[in-house]
Amino acid sequence: MGTSILELRHLRTLLALREAGTISRAAQLLNVTQSALSHQVLALERQYDAVLFERKSAPVAFTAAGQRLLDLAVHVLPLVGSAERDLARMASTAAGKLRIAVECHTCFDWLMPSMDALRERWPEVEQDIVSGFQADPVGLLHQDRAELAIVSELDETETDMVFHPLFEFEMVAILPLGHPYLAKPHLVAGDFAGQALITYPVPDDMLDLVRQVLRPAGVEPPRRTTELTVGMLQLVASGRGFAALPLWAVNGYLERGYVARQRIGPDGLTARLYAVVPKRLAGNAYLADFVQVMRETSLLALPGIRLL
């Protein structure tokens with residue numbers, strides 16, 4: 001047999017197909033177009049004259065030929081990753097630390113699994129979450145009180161920072177079960193006028209519903225705040241008002257029939273999250289790895305998100 005056409009990118013494609021379950025989600029995981037991913041698979045199938053997976057199966061069902069290459073990927077890629085991390089450690093003079101500042105109350109749902117995954121890959125890195133909600137997490141980076149921040153907006157004036165896109169998701173209105181507004185195709189700003197809006201105790205500029213929907217329409221509903229997501233849901237369930245939360249943050253409560261959801265606007269209300277690191281740390285290996293870990297972990301664990 002001649003020289004193999006197999007490259008690490010091919011193996012990563014097969015592993016992404018297994019983990020993501022579909023071609024479209026695997027393409028997001030690898031940060032490539034769906035067309036590029038499909039061409040990689042077709043090139044392998046032409047080379048080996050074999051179909052690698054069933055095209056109409058969901059999740060992806062590998063053929064015997066595809067499973068054989070997948071087994072190779074499962075064996076080889078962890079070794080490659082481990083070797084690359086060892087080389088990064090050799091180039092570093094000291095064990096690192098990762099202090100994370102967050103501005104969102106619901107970030108912990110996906111941030112903790114990401115930190116667990118990083119701990120397995122970089123056990124020597126000391127991880128910590130800066131205590132409490134942070135109204136200005138990027139300010140902590142400037143003060144050297146954190147190495148990474150999670151924020152919801154880009155700020156082009158922060159020229160000393162690097163913003164890494166993570167993912168976008170839908171914010172949905174949370175309503176009591178049986179509410180008549182559930183019969184609407186979607187909610188508009190005026191639908192919130194006669195309802196108490198239950199939010200976290202944060203500035204209005206940090207609330208996507210207020211910033212993108214209510215304020216432009218001049219709607220100012222009465223307000224009630226609570227620190228806890230579960231407290232917010234309990235107030236909604238008891239008919240005290242409406243809330244707006246990420247779909248992935250409340251999916252479990254929706255599935256159990258505790259509260260109901262409704263789309264905000266005809267196309268939905270979209271929000272985004274970014275990871276921010278100081279430019280002076282942009283070349284740090286474990287920080288770069290953590291950004292990728294957050295993207296991968298979130299796509300596989302959170303319903304309805306799309307990687308940026």
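## Two helices in contact

Helix H1 (residues 8–20) packs against helix H3 (residues 34–48) at an angle of about 110°, and their axes lie 10 Å apart. Because angles of 65 to 115 degrees count as roughly perpendicular, H1 and H3 are roughly perpendicular to each other. Where H1 passes H3, the crossing is left-handed, a term used if the near helix is turned anticlockwise from the far one by less than a right angle.

Contact, meaning heavy atoms within 4.5 Å, is made by Arg 9, His 10, Thr 13 and Leu 17 of H1 together with Leu 37, Gln 40, Val 41 and Leu 44 of H3. The residues of this contact divide into 4 nonpolar, 3 polar and 1 charged.

## The model

This is a predicted model, in which local features need pLDDT of at least 70 and side-chain atom pairs count only at pLDDT 80 or more, while totals for chains, interfaces and linings use all residues. Residues are numbered from 1 along each chain as its sequence is written, and side-chain values use heavy atoms, with hydrogens and water left out.

## The cavity

A search of the whole structure finds 1 cavity of 30 Å³ or more, a cavity being a set of points on a 1 Å grid where a 1.4 Å probe fits but cannot get out, with lining residues having an atom within 4 Å of a point. The volume of the largest cavity is about 360 Å³. Its lining has 24 residues, and the closest to its centre are Met 171, Tyr 200, Met 206, Leu 207 and Asp 208.

Among the elements that give two or more residues to this lining are strand E6 (161–175) and helix H7 (208–217). The lining residues divide into 17 nonpolar, 4 polar and 3 charged.

Technical notes: Axes are lines fitted to C-alpha atoms, for helices over the stretch in contact, and angles run from 0 to 180 degrees between N-to-C directions. Helices (H or I, at least four residues) and strands (E, at least two) are DSSP runs, numbered from the N terminus. Angles under 35 degrees count as roughly parallel, over 145 as roughly antiparallel, 65 to 115 as roughly perpendicular and the rest as oblique. Ala, Val, Leu, Ile, Met, Phe, Trp, Tyr, Cys and Pro count as nonpolar, Asp, Glu, Lys and Arg as charged, and the others, Gly among them, as polar. On a 1 Å grid over the protein atoms alone, a cavity is a set of points where a 1.4 Å probe fits but cannot get out, and a pocket is an open set with protein on both sides within 12 Å along at least five of seven lines; lining residues have an atom within 4 Å of a point. Grid points are joined across faces, edges and corners, and a volume is the space filled by probe spheres set on the points.
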